[in-house]
Amino acid sequence: MRGYAGKFLEIDLSNRNIKETKFPDEVLRDYIGGRGLATKVLWDRLGREWETVDPLGPENILLVLTGPFTGYFPGTKVCVSGKSPQSNGVIGSTVAGEFGIDLKCAGYDGLIITGKAEKPCYVFICDNQVEIKDASPIWGKKARETLRFLVRKSIEEIKDARPNYGEVKEPSILYIGPAGENKTRVAAVVAKYAHGAGYGGYGGVMGAKNLKAIVAKGFGPVPDVYDKEKTLSLAKGFSELNFEMERFRRWGTGGGGYFFGAETSSEPIRNWQNEWHNKESYKGEEFDKYWVKKNWGDFGCPTTCLKLAVLKTGRFKGAICDNPDYELEAYLGTNLGIFTPEENIYLSYVSNELGLCGIQGGAVLGLAAELYEKEILTKEDLDGIEPEWANVEAFTTLAEKVAFRQGIGDILAEGVYRAALKLGEMKGVDLLKYAVHEKGVAIGAHGVRSGKDFIAKNIAYACSVQGGDHTSTASLPLDQGSGELSTIMADSAVFCVFAAFGIEDIKMFNFYEAVTGWKLTKKEWYNEKALRILHLQRAMLLLGGPDVKWKPKADDDNPPRFWEPLPSGPYKGKTLDRKMFEESRLEYFRAAGWNENGVPKPETLRRLGLEDVEAKLKEVSLIK
């Protein structure tokens, strides 16, 4: 086996049992790693009782997985998964940082974490030394304090474990803030200071397990590859291609804060009431004024699209964070009526400190603000807070309440869909029309009404097995390079899609073969392996439960707001066409091998070797 360490760590927090486990080669060949392997593990272990599994209960499984591209492809990510507290299905949620490389150099391809610790803990991994340690001193602490404690303590522990090594570079750390500890559904699993795996709500899953952090340090090399010369040659070519993306390197995704709003009318503004703005104050040049580091990246990344922003003066002096990427510029900026970089950077800093997902947290703040604007929620309902658009102080206070589940924050911590349901019950009115989500997952900051965004497909979110995840959207034909089956490869081999811009499928499959020695054709991936993973995700999404279930076809729809005409801008009046949407949806169902209601057909499941999925869907009467 090449490209893999060959073994995984299985950690049962309930009885503090730690053991190594392996998967047969054929499982790794079929499911690759990351999102694909997580889907397989979750189905095998929880599939029979999936609809009864509480995502925030000890029975859920948290997976942190690398893939065969980890350590070889430019840049690095790791995939976090489990039963999602947002969708009740499975989401492969990736986060950048060196954690995947450290884990692989320690000798492990991933972690399978079960049970619930009796008291707050963190997992410490230094090569084959794996321990569950006491996290009581940092339980309740925000990001900076948590990291400061873990880095200092872990370096001393690593020195004890490797006394003759010399100076030790800080380990890689995945952790949660108060939002995760309090089991909110809008909490991220965070890496470094401000990278987050936000889609899925897995920060809440870590909190439910009393797991504050995972520390990893590996001193070994990455595993051997099958064809070293070819691997190096292809990686060099990828790096050169990345380095040529000067515009992306200069501005990162944050260059989109003006572009998507002003030029494509596809940016969320005031809870998606609009998608157009022409605020010159929100251009990259204005954010640049706050950057103290203009180009930095994760290990091996030649693009270095990250920027570090610091507020050195003014009322928010002292705030520091990754410069808001486009998603945070939108959800913690325009979506809240904020159009100044300084206030957007500050609110991103607050969100990072609390461990909130910028998208899911920003979405629920926007929902509350619109309900306040429409006088559905009152100042009294909101514990005295008045979240008027652009009121940064009010949104900061509200975010704190969400992270700590205090007062109204306890409802908002459920995310936009569940919060709209609960607030609607409280007020006796239907509020779902204000909740911009897809199957419980707040939609990424790319609208589809103007048809000008790179996510321009009317079925993009409605048919995705990851709901509102803008990085994994449905499109036709299925083997389109930007479609969901292509993203499954990125999330399973585990690489950053930003580092894969402009690289053809054939080169990715060649790279996979050079690393693993296993040949993979485009036809085999799109017609069999990726489709199998897609079907497993679809089945678990439809099984859902225990608190929410999605109706096939009925819930495979765009949120009500996306059917409203755009109120302003160059595409004023434009919206989705219902007839065209339904035709596209049916075409997608057919292409995927689902029936006219969007349920996997028995013959498709059998062709993919998923007879047990067929049996389960028959058991719950989803198919006959």
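Q: In this predicted model, is phenylalanine 259 buried, partly exposed or exposed?
A: Phenylalanine 259 has 35% relative accessibility, so this residue counts as partly exposed. Buried would need under 20%, and exposed over 50%.

Q: Is phenylalanine 260 buried or exposed?
A: Phenylalanine 260 has a relative accessible area of 12%, so this residue is buried.

Q: How is a pair of aromatic rings described?
A: Two values are used: the distance of the centres and the angle of the planes. The structure holds 27 aromatic pairs. In one of them, the ring centres of phenylalanine 259 and phenylalanine 260 are 5.1 Å apart and the planes stand at 75 degrees, so the pair is edge-to-face. Tryptophan 272 and tyrosine 331 also form an edge-to-face pair, with 6.5 Å from centre to centre and 65 degrees between the planes.

Q: Which parts does the pair of tryptophan 272 and tyrosine 331 tie together?
A: Tryptophan 272 is in the loop between helix H9 (256-262) and helix H10 (284-288), while tyrosine 331 is in helix H11 (residues 326-331), so the pair links parts 59 residues apart in sequence. Tryptophan 272 is buried, at 1% relative accessible area. Tyrosine 331 is buried too, with a value of 1%.

Q: Which residues form one aromatic cluster?
A: The cluster consists of Phe69, Phe73, Phe238, Phe495 and Phe511.

Q: What sits over the ring of phenylalanine 219?
A: The charged end of arginine 162 does, 4.4 Å from the ring centre. Elsewhere, lysine 7 lies over the face of tyrosine 108, at 5.1 Å from the ring centre.

Definitions and conventions. Residues numbered from 1 in each chain as written. Predicted model: local features only at pLDDT ≥ 70, side-chain atom pairs only at ≥ 80, totals over all residues. Heavy atoms only, no water. Phe/Tyr/Trp six-rings, centres within 6.5 Å; stacked < 30°, edge-to-face > 60°. Buried < 20%, exposed > 50% of the residue type's maximum accessible area, 1.4 Å probe, protein only. Helix = DSSP H or I, 4+ residues; strand = E, 2+ residues; numbered from the N terminus. Lys NZ or Arg CZ within 6 Å of the ring centre and 35° of its normal.
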